[in-house]
Amino acid sequence: MRSAKDFFAPLAVGAPTPVTEVPARPSRMIHFFDPSNPKMAAKVPDMVGVSDVLLGNLEDAVVADKKEAAREGLVTIAKETDFGEHTQLWTRINSLDSPWVLDDLTRLVTEVGDTLDVIMVPKVQGPEDIHYIDRILAQLEAKGGVQRPILVHAILETARGMANVEEIAGASPRMQGISLGPADLAADRRMKTTRVGGGHPGYLVRQDPAKGADGAPDYQGERPVFQQDLWHYTIARMVDACAMHGIFPFYGPFGDIKDTVACEDQFRNAFLLGCVGAWSLHPVQIEIAKKVFSPSAEDVAHARRVKEAMPDGRGAVMIDGKMEDDASWKQCMVVLELAERLSANDPELAKMYEEA
């Protein structure tokens, strides 16, 4: 165990000083692309400013004989693309037990470390995985002369990782956030679903039976059913772990690209529970995430009214027949802070909030 006073000391001579607070940059969508695919790579410059985060994927969905091409493609993209102030560049490296991960880290950090904002680590099992990455990154940053620490994002994809989520969230000052990886987690838990994210029609509650003419419950009669959220507990626990350690929770992928309605519902559930963004697997999901993970104009307008009525948050007032007090004032401050941060990078959003 390290002393608390050493927690924010560099782990290698010449490495940059760890951050004491994770930058709260807009990250409503993490848009995945395959750097080994020339068509996808060619579209990256046009996605700058459109997506909050562009992520070069080196892991799943990149076949073994394309791993090196994906890595080199990402190096080229990082060197040749101006990502500006409003779009972050992330990567998802290969898993820590793979034969490619050391080359991923060595090549990317020493070649484009100052351009790379966050490294996403798949299948994180416990804090020891983050400690391993933490030390290697410090050594490579020192070797490459990287000026600011590269942050780390963990994917929650195993039952063991879920059991250790609080320890993972607090394992390093580099921790930027955690994403839910529903498909791998479902398989590891032996859940009986083949869907990538979203609900399942079999996971439901059924309304109590109505009484028949004889006064007895009609168990075979029609009874409304209500589909439940398979991921509610997991997301809520992940959000708590992230909030406890001052990092950011994200919903992961929604695999049914054509079902934009259900995708929006799932993203909104995650947003309401505390997530700041979600993965985007197709450009159509970028706009869904941008809409869902930005506060509505109505919520911003209401939050402003509460702040105007209670500038310092003390006391209690009645607004539209509802009591607003210190607790609701704090809720409104969350909405206003997020609206201000997002609108600083999004003129359309700023205009919408101004007119609300």
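Tutor: A disulfide is a pair of cysteine sulfur atoms within 2.5 Å. Keep in mind that this is a predicted model.

Student: How many disulfides does the structure hold?

Tutor: It has 0 disulfides.

Student: Is C263 buried or exposed?

Tutor: C263 counts as buried because its relative accessibility is 1%. C332 also counts as buried, at 7% relative accessibility.

Student: New topic, the nonpolar core. Which residues have the most contacts inside the largest one?

Tutor: I30, L105, I119, I178 and F267 do, in a core of 77 residues. Another core, of 14 residues, lies apart from it and includes A303, M310, L342 and Y353.

Student: What does F267 touch?

Tutor: Leaving out residues up to four places away in sequence, F267 touches Y251, G252, F254, A278, W279, Q285, I288, A289, V292 and F293.

Student: On to the backbone. What is phi of A61?

Tutor: Phi of A61 is near 80°, a positive value in a residue other than glycine.

Student: Where does A61 lie?

Tutor: A61 is in the loop between β2 (53-57) and α2 (67-80). With 74% relative accessibility, A61 counts as exposed.

Student: And what about phi of R190?

Tutor: R190 is a residue other than glycine with a positive phi, near 65°. The loop between α7 (182-189) and β7 (204-206) contains R190.

Student: Is R190 buried or exposed?

Tutor: R190 is exposed, because its relative accessible area is 64% and the cut-off for exposed is over 50%.

Terms used. Residues are numbered from 1 along each chain as its sequence is written. This is a predicted model: local features need pLDDT of at least 70, side-chain atom pairs count only at pLDDT 80 or more; totals for chains, interfaces and linings use all residues. Side-chain values use heavy atoms; hydrogens and water are left out. Buried means under 20% relative accessible area, exposed over 50%, partly exposed in between (1.4 Å probe, protein chains only). A nonpolar core is a set of buried Ala, Val, Leu, Ile, Met, Phe, Trp, Tyr and Cys residues joined through side-chain atoms within 4.5 Å. Contact means heavy atoms within 4.5 Å. Helices (H or I, at least four residues) and strands (E, at least two) are DSSP runs, numbered from the N terminus.
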